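Here is a briefing to read beside the sequence and the model. Look at the picture, then work through the points below.

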Amino acid sequence: MLAKRIIPCLDIKDGMTVKGVKFVELKTVGDPVELATAYAQQGADELVFLDITASHEGRKTFVDLVHRIARHINIPFTVGGGISELSDAEALLNAGADKISINSAAVRNPQLINNLSRHFGSQFVVVAIDAKQEEAAGDWTVTVNGGRIFTEKKLFSWAKEAEDRGAGEILFTSMDHDGVKQGFANEALARLSEDLNIPIIASGGAGNMEHFRDAFIQGKADAALAASVFHYNEISVPLLKEYLSEQGIPVR
Amino acid sequence: MAQPEIVIIKYNAGNIRSVNNALIQLGYRAEITADPEKISRADKVIFPGVGEASTTMAFLKEKGLDTLICQLRQPLLGVCLGMQLMGSHSEEGGVDCLGIFDEPIRKFVLPRPNPDNLKIPHMGWNQISNLKSDLFDQSMEGSYVYFVHSYYAALGPHTAAGTNYLLPFSAALQKDNYFATQFHPEKSGPVGLRILKRFIEL
């Protein structure tokens with residue numbers, strides 16, 4: 001049976017992880033390769049690395065880092081942050097990334113999704129969508145710049161358009177749930193999963209193990225992503241998988 | 001022991017580097033090449049693949065690699081699209097393939113209605129079972145390995161491992177010196193590395 005995927009997400013700045021990580025005694029504080037290796041050993045199904053570096057030099061550092069990650073882990077990983085052209089994606093593919101995620105660049109230039117999937121295959125293209133629900137039970141509006149800028153796009157129609165343009169997966173983050181640790185946006189997730197024929201990754205809101213179970217059962221998500229609960233050892237990947245398995249959810 | 005000569009067939013496939021990285025992790029060196037001479041005399045040949053079937057077949061024909069692959073007598077391992085190209089025909093681009101295995105490659109079809117919200121591609125970790133090949137040892141029965149694909153080979157006489165998504169199908173095929181996996185051993189964690197190691201040590 002196809003397993004539900006658990007995906008730790010690492011924010012990278014200038015080639016180092018940003019958030020402090022307490023869950024394992026690392027020799028080099030902030031070394032993404034060491035952290036990625038540890039997560040892979042713990043049974044993480046995939047990893048996501050988001051480059052939050054702004055500078056050009058930082059971008060080069062990130063590509064070098066992707067190269068090193070690819071040499072050290074042998075589970076799939078996605079990289080994102082600052083990809084706005086085919087050449088950006090190609091550099092990351094050549095460095096060994098399995099998938100790239102695009103977010104605001106796709107909102108600004110939806111044709112980018114078509115171009116990327118035509119050149120590199122749909123399986124390579126994850127479209128990340130940050131959205132906010134304007135009022136309870138209301139529409140979800142797609143946002144960019146970390147939820148600060150509202151766009152014209154609505155979550156469900158934009159997700160469908162992304163699929164039609166060739167996205168291989170949708171990574172949906174509820175900006176209302178992100179960082180609050182009260183669970184994922186399960187209603188919206190379930191609707192995405194029913195509307196679309198490509199996998200949906202749930203993101204934003206993980207606070208405890210039950211939240212993951214709910215994202216898979218109520219939210220019908222194919223994968224769930226989280227950052228701080230893993231980095232601060234509030235939830236360990238092996239224990240989470242044991243719990244989900246007891247709850248009847250197929251995990252590796 | 002002398003290092004075996006391993007070649008990875010070079011073409012415009014996405015996962016060539018990943019396969020090479022996995023071999024490096026195992027302590028092997030491989031050459032990535034499209035040179036027929038080097039491919040012919042290698043001890044082990046790996047035929048990777050992420051891409052589209054009809055364009056890749058056209059590329060193989062242009063380089064004369066289609067005939068060469070069919071004539072090899074040393075162990076060859078096809079991975080993902082590599083495996084599908086070893087089938088008889090692919091529904092992806094409606095192209096005739098190498099025909100090493102008799103099986104045609106078909107596209108997954110979602111059920112209507114789709115109460116379990118199954119998706120295409122089949123993406124993620126799934127279990128392999130009924131293992132029948134030197135690629136595997138019995139401890140791997142039921143292991144999870146990583147798949148990403150929208151086309152599949154049905155179960156048949158050459159099935160070396162099965163899996164189930166939408167329907168039961170071949171996770172691996174074997175016929176004589178030809179081995180193939182639909183999943184990505186290079187992305188399948190420790191189990192995947194063991195499968196690659198077993199292939200290199202055949």
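**Overview**

Of the 252 residues in chain A, 52% count as buried. A residue is buried if 20 or more other C-beta atoms lie within 10 Å of its own, exposed if 12 or fewer, and partly exposed in between, with C-beta atoms placed from the backbone. This is a predicted model, in which local features need pLDDT of at least 70, side-chain atom pairs count only at pLDDT 80 or more, and totals for chains, interfaces and linings use all residues. Residues are numbered from 1 along each chain as its sequence is written, while chains are lettered from A and ligands numbered from 1 in the order in which they are written.

**Chain A as a whole**

- Chain A has 10 helices and 11 strands. Helices (H or I, at least four residues) and strands (E, at least two) are DSSP runs, numbered from the N terminus.
- Chain A has a radius of gyration of 17 Å, close to the 18 Å from the globule rule for 252 residues, so it is as compact as a globular protein of that length. The radius is taken over C-alpha atoms, and the rule is 2.2 Å times the number of residues to the power 0.38.
- Along the principal axes, the C-alpha atoms of chain A fill a box of roughly 45 × 45 × 35 Å.
- Take the contacts in chain A between residues at least 6 apart in sequence: 66% of them join residues at least 24 apart. Two residues are in contact if their C-beta atoms, placed from the backbone, lie within 7 Å.

**Chain B as a whole**

- Chain B has 6 helices and 13 strands.
- Its radius of gyration is 16 Å, close to the 17 Å that the globule rule gives for 202 residues, so chain B is as compact as a globular protein of that length.
- The C-alpha box of chain B is roughly 55 × 40 × 30 Å, taken along the principal axes.
- Of the 202 residues in chain B, 51% are buried.

**Where the chains meet**

- 27 residues of chain A are in contact with 30 residues of chain B.
- On the chain A side, the elements that give two or more residues are α2 (56-72) and α7 (186-195).
- That side of chain A has 12 nonpolar, 7 polar and 8 charged residues. Ala, Val, Leu, Ile, Met, Phe, Trp, Tyr, Cys and Pro count as nonpolar, Asp, Glu, Lys and Arg as charged, and the others, Gly among them, as polar.

**A helix pair in chain A**

- The axes of α3 (residues 86-95) and α5 (residues 111-120) of chain A come within 10 Å and cross at roughly 35°. Axes are lines fitted to C-alpha atoms, for helices over the stretch in contact, and angles run from 0 to 180 degrees between N-to-C directions.
- A:Leu86, A:Ala89 and A:Leu93 of α3(A) meet A:Asn115, A:Leu116, A:His119 and A:Phe120 of α5(A).
- By class, this contact has 5 nonpolar, 2 polar and no charged residues.

- Strands of a sheet pair through backbone hydrogen bonds, either parallel or antiparallel.
- In chain B, 7 strands form an open sheet with mixed pairing, in the order β2-β1-β3-β4-β13-β12-β11. Two strands pair if DSSP finds at least two bridges between them.
- The edge strands, β2 (30-33) and β11 (159-165) of chain B, each pair on one side only.
- β11(B) and β12 (residues 167-175) of chain B pair in the antiparallel sense over 6 bridges. B:Ala161 has B:Ala172 in β12(B) as its bridge partner.
- Helix α1 (residues 16-25) of chain B is mostly covered, with 8 of its 10 residues buried.
- The cover over those buried residues includes α2 of chain A, along with β1 (6-9), β2, β3 (44-47), β4 (76-79) and α6 (189-200) of chain B.

**Backbone exceptions**

- Most residues other than glycine have a negative phi, and most peptide bonds are trans.
- A:Lys181 is not a glycine, yet has a positive phi of about 60°. A:Lys181 is partly exposed, with 16 other C-beta atoms within 10 Å.
- A:Asn233, also not a glycine, has a positive phi of about 60°. A:Asn233 counts as exposed, with 11 C-beta neighbours inside 10 Å.
- A cis peptide bond joins B:Arg112 and B:Pro113, with omega about -5°. B:Pro113 is in the loop between β7 (105-107) and β8 (122-127) of chain B.
- B:Ile120 and B:Pro121 are also joined by a cis peptide bond, with omega about 10°.
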